[in-house]
Number of protein chains: 2
Amino acid sequence: MILIKFGGSVITDKSRYRTFNQERVRELCKEIKESGEKVIVVHGAGSFGHVLAKENRLNDGFKSTSQIPAVAQVCYDMRELNSMIVKELNDAGLPAISVPTGSCYMMEDRRLLMDRTDVLKTMFDKGLIPVMFGDVTMDWKLGFAICSGDQIMELLTKVFKPTRVIFVSDIDGLYDKDPKTNEDAVLIEEVTKKSLETARTDITVDDVTGGVREKMEIMLRICSEGCDCILMNGNVDGRLLSLLKGEEVPCTIARKGRI
Amino acid sequence: MILIKFGGSVITDKSRYRTFNQERVRELCKEIKESGEKVIVVHGAGSFGHVLAKENRLNDGFKSTSQIPAVAQVCYDMRELNSMIVKELNDAGLPAISVPTGSCYMMEDRRLLMDRTDVLKTMFDKGLIPVMFGDVTMDWKLGFAICSGDQIMELLTKVFKPTRVIFVSDIDGLYDKDPKTNEDAVLIEEVTKKSLETARTDITVDDVTGGVREKMEIMLRICSEGCDCILMNGNVDGRLLSLLKGEEVPCTIARKGRI
């Protein structure tokens, strides 16, 4: 199976609170269906989660009861976004069910405890696609905190042993400089431990909390579980389908057995 | 704390697929807020769940892959209903978070395994209202099946030890005959083991899968956990508030220590 993350910058307009990119998501779902591959989908928060979460410092954990309505609102907004994505999957002929991270799991000091996978595995075995997402999640130590979609991707990789893990982003891959402000930025086609050593720490990418360096670290950790891990551009029609069919597309890849 | 179930017949128009009674739910949420009581809310399926679930015999368990899109659709519809209820709770100043039964728990031969309550308890401790509902739920034996809201109520009673458990229905309580077709039907004010012995089995009530007899059995089981269990009419403005304030209202009650 293939594990796919829809980045927040692809599925939402990150500059406007609660703006869903329906057409983009519809296209991605159509391409997954056409590929015939079995997948599990995770998605980010984009403009549905980050604004209010930041304003109310939800990732700092429980500080005051004044944060509680914001916890409820961010959870509500994220489930609304999730519902729209599940609907697009269903409409494309990919039967999907929402599995909200914060409703199902605890964290311990911002580390997700995915201690039970029975529901996820049973859904998948029956031909259903569980759809998880970055979410406010209760935390044994902090009360609550934010669980990122990337963290869910890492844990699902351990559980489902996918052949490939794909991060669908709004850029072709990782660059040596910020491609939005530098015309001579070069795409990093392959991430290795060596490239990590020389990566600059000041370049941000996609909606990632952290930058290129952090994304490389996540890709290498996922890759070390025995699968290729790919970062690609979901804003180009047909590119996800090409990748799923095994064709070469512009992207950044961490190859299994090469790190 | 008080455990409240919004029956499917109160929160939806049971005769029309996916029709939400927003005004009714708004009023009930307002009354809970006004009471100042700490609550947990469960709700039924009504016209959002029963139609498709029945058509595709989802409660018989997995029989064929042709059921799978219906499983996804019923789960989607239920989460939509749930989202509308969570929104009304939030808008009334009661911070609430969806906890979808089928995303979080397994069943074993139609028996819900609520083996972990850490997320529910942490939410409640932080001042959040977890909102569960009747749902298609994965089942170790059957593949999947329907988990009823009533079953969730029983288990949450064991977990949270509420002082009172309230079933909000569309009738004043249980009757000795069907009150919708018999003018001389008499309200059963108190349910005891004795009343169960003489109860007729052919009278249906509310949206209950089963009839008066089955509802009595559930009320007595809940009551045996050490709390009053009450069935009341949520279609009468102010009645839930009166009940929460400890006033006498028309209802059917199973009293702790009296069974």
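**Entry 1. Between the chains**

I began with the interface of chain B and chain A, where the rule finds eight residue pairs in polar contact, both residues at pLDDT 80 or more. I noted what a polar contact is: a pair of N or O atoms within 3.5 Å, where within protein one must be able to donate a hydrogen and the other to accept it, and residues adjacent in sequence count only if both atoms are side-chain atoms.

I then looked up which elements of chain B give two or more residues to the side that touches chain A, and they are helix H4 (68-91), strand E3 (96-98), helix H5 (101-104) and helix H6 (118-125). H4(B) gives the most, with 12 residues. Helices (H or I, at least four residues) and strands (E, at least two) are DSSP runs, numbered from the N terminus.

I sorted this side of chain B by class and got 21 nonpolar, eight polar and seven charged residues. Ala, Val, Leu, Ile, Met, Phe, Trp, Tyr, Cys and Pro count as nonpolar, Asp, Glu, Lys and Arg as charged, and the others, Gly among them, as polar.

**Entry 2. Ground rules**

I wrote down that this is a predicted model, in which local features need pLDDT of at least 70 and side-chain atom pairs count only at pLDDT 80 or more, while totals for chains, interfaces and linings use all residues. Residues are numbered from 1 along each chain as its sequence is written, chains are lettered from A and ligands numbered from 1 in the order in which they are written, and side-chain values use heavy atoms, with hydrogens and water left out.

**Entry 3. Size of the contact**

I looked up how many residues take part: 36 from chain B and 36 from chain A, with contact meaning heavy atoms within 4.5 Å. The two chains bury about 3,100 Å² between them, 68% of it on carbon and sulfur atoms. In chain B, Tyr76(B), Arg116(B) and Lys126(B) lose the most area to chain A, together 19% of what that side buries. Buried area is the accessible area (1.4 Å probe) that two parts lose on being put together, summed over both.

**Entry 4. Salt bridges**

I counted 40 salt bridges over all chains by the rule, which asks for a side-chain nitrogen of Lys or Arg within 4 Å of a carboxyl oxygen of Asp or Glu. Asp115(A) lies in the loop between strand E5 (111-113) and H6 of chain A, and Arg116(B) in the loop between strand E5 (111-113) and H6 of chain B, so this pair joins two chains. The closest N and O atoms of Asp115(A) and Arg116(B) are 2.5 Å apart. Across the interface of chain B and chain A the rule finds two salt bridges.

Is Arg116(B) buried or exposed? I found Arg116(B) buried, with a relative accessible area of 14%. Buried means under 20% relative accessible area, exposed over 50%, and partly exposed in between (1.4 Å probe, protein chains only).

Asp77(B) is in helix H4 and Arg18(B) in the loop between H1 and helix H2 (22-35), so the pair ties together parts that are 59 residues apart in sequence. Asp77(B) is buried at 0%, whereas Arg18(B) is partly exposed at 31%.

I also checked Lys141(B) and Asp109(B), whose salt bridge is 3.4 Å, N to O. Here Lys141(B) is exposed at 56% relative accessibility and Asp109(B) partly exposed at 36%.

**Entry 5. Strand E12 of chain B**

I found six of the six residues of strand E12(B) (residues 228-233) buried, so this strand is largely enclosed by the rest of the structure. Asp228(B), Ile230(B) and Met232(B) are on one side, and Cys229(B), Leu231(B) and Asn233(B) on the other.

Strand E9(B) (residues 164-169) runs parallel to E12(B), joined by six bridges; Ile166(B) has Ile230(B) as its bridge partner. On pairing with strand E13(B) (residues 252-254), I noted an antiparallel sense over three bridges, with Thr252(B) as the partner of Leu231(B). Two strands pair if DSSP finds at least two bridges between them.

**Entry 6. Helix H6 of chain A, and one serine**

Six of the eight residues of helix H6(A) (residues 118-125) are buried, so H6(A) is largely enclosed by the rest of the structure. Just after H6(A), I saw that Gly127(A) takes a positive phi of about 95°.

Last, I looked up Ser9(B), which lies in helix H1(B) (residues 8-11). Ser9(B) counts as buried at 12% relative accessibility, and a polar contact of 3.4 Å joins its side chain to that of Asp170(B).
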